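Student: I have a structure open and I'd like to learn how to read it piece by piece. Could you walk me through it?
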Amino acid sequence: MNPTIELLKSHRSIRKFTDRKIPHELLVELIRAGQSAATSSHVQAYTVIHVKSPANREKIAELAGGQAYVANASDFLVFCADMKRPTEASERTGANVVRGMTEQLLVASVDTALMAQNVAIAAESEGLGICYIGGIRNSPQAISDLLRLPEHVYPVFGMCLGYPDADPDLKPRLPVEAILKEDYYTDDSEQVAAFDDAMQRYYGERRGGNKDANWSKNLTPLFDSKLRAHMRDFLTQRGFEMK
């Protein structure tokens, strides 16, 4: 093991922060670290909105499902998939640009996720805590209007950053045998069953709140209904027609 691998394996979502503020210079360096992530064909199809307005932070916290730490963290970022910048740059060279392709949506979403994860790792290396906020996709149009996002840009997720005021337990992950397969896809039901047992113990013993649950049970609300069914129409309205 080395310090980088140990840092990666120690990730926890932090939802309670001290009042200490992140220096602006450090925040800029975190964004620069994010820009060093791999990017498809050097497209760099992302934009990050640093939400500083307290009123906007409160509104986003509400729209994201009442997540108060959006407003309370030192800083809050919204990571946006951005195909406006690269397509317009290409158009200025005289190219006959085709927009709205599914591949463009995938490239922009993957680029954004890779960039954000670099920011997260860099932040944690400086002793900061982070928490991704996928809840902004609960009301993506309202978020887009609030942040004045143009066509061909959509908010993928938010990120709270700050100095931790909590020490949550490390949440277990699936056994590597379930994730890493050799040559072909194979059944992993035995590993999943063992992981459910491990998660049942984790939820029963963790600091800061116990519950009777396991991994499979927690997946139920994600798949027994059409979660965020509004996203397809929203993305089409954003110019990602998925052709």
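Predicted model: local features only at pLDDT ≥ 70, side-chain atom pairs only at ≥ 80, totals over all residues.

Student: What is phi near at R228?

Tutor: Phi of R228 is near 50°, again a positive value in a residue other than glycine. You'll find R228 in the loop between α10 and α11 (231–237). R228 counts as partly exposed too, at a relative accessible area of 24%.

Student: Let's do the sheet. In what order do the strands come?

Tutor: The general idea is that strands of a sheet pair through backbone hydrogen bonds, either parallel or antiparallel. Here four strands make an open sheet, ordered β1-β2-β4-β3, with antiparallel pairing. β1 (46–50) and β3 (129–133) are at the edges with a single partner strand each, so one side of each has no neighbour in the sheet. From one strand to the next, the twist averages 25°.

Student: How many bridges join β1 to β2, and how many join β2 to β4?

Tutor: Five bridges link β1 to β2 (residues 75–82), and eight link β2 to β4. Both pairs run antiparallel. Over towards β4, A81 stands opposite Y154.

Student: Which residues of β2 point to one side, and which to the other?

Tutor: In a regular strand the side chains alternate between the two faces of the sheet. For β2, D75, L77, F79 and A81 are on one side, while F76, V78, C80 and D82 are on the other. Both faces are covered, and eight of the eight residues in β2 are buried.

Student: Now a loop residue. Is Q67 buried or exposed?

Tutor: The idea here is to compare relative accessible area with a cut-off: under 20% counts as buried. Q67 has 16%, so it is buried. Q67 sits in the loop between α3 (54–63) and α4 (69–72).

Student: What does Q67 touch?

Tutor: Setting aside neighbours within four places in sequence, Q67 is in contact with A61, I133 and G135. The side chains of Q67 and Y69 are also joined by a polar contact of 3.0 Å.

Student: Last one: how do I read the largest pocket, and which residues lie nearest its centre?

Tutor: Look at volume, then at the lining. The largest pocket has a volume of about 1200 Å³. Its lining has 34 residues, and S13, R15, K171, R173 and Y203 lie nearest the centre. The elements giving two or more residues to that lining are β3, α9 (189–205) and α10 (215–223). The largest share, five residues, comes from α10.

Note on methods:
Residues numbered from 1 in each chain as written. Heavy atoms only, no water. Pairing = 2+ DSSP bridges. Axes fitted to C-alpha atoms, helices over the stretch in contact; angles between N-to-C directions. Buried < 20%, exposed > 50% of the residue type's maximum accessible area, 1.4 Å probe, protein only. Polar contact = N/O pair within 3.5 Å; in protein donor to acceptor, adjacent residues only side chain to side chain. Contact = heavy atoms within 4.5 Å. 1 Å grid on protein atoms, 1.4 Å probe; cavity = no way out; pocket = protein on both sides within 12 Å on 5 of 7 lines; lining within 4 Å. Points joined across faces, edges and corners; volume = space filled by probe spheres on them.
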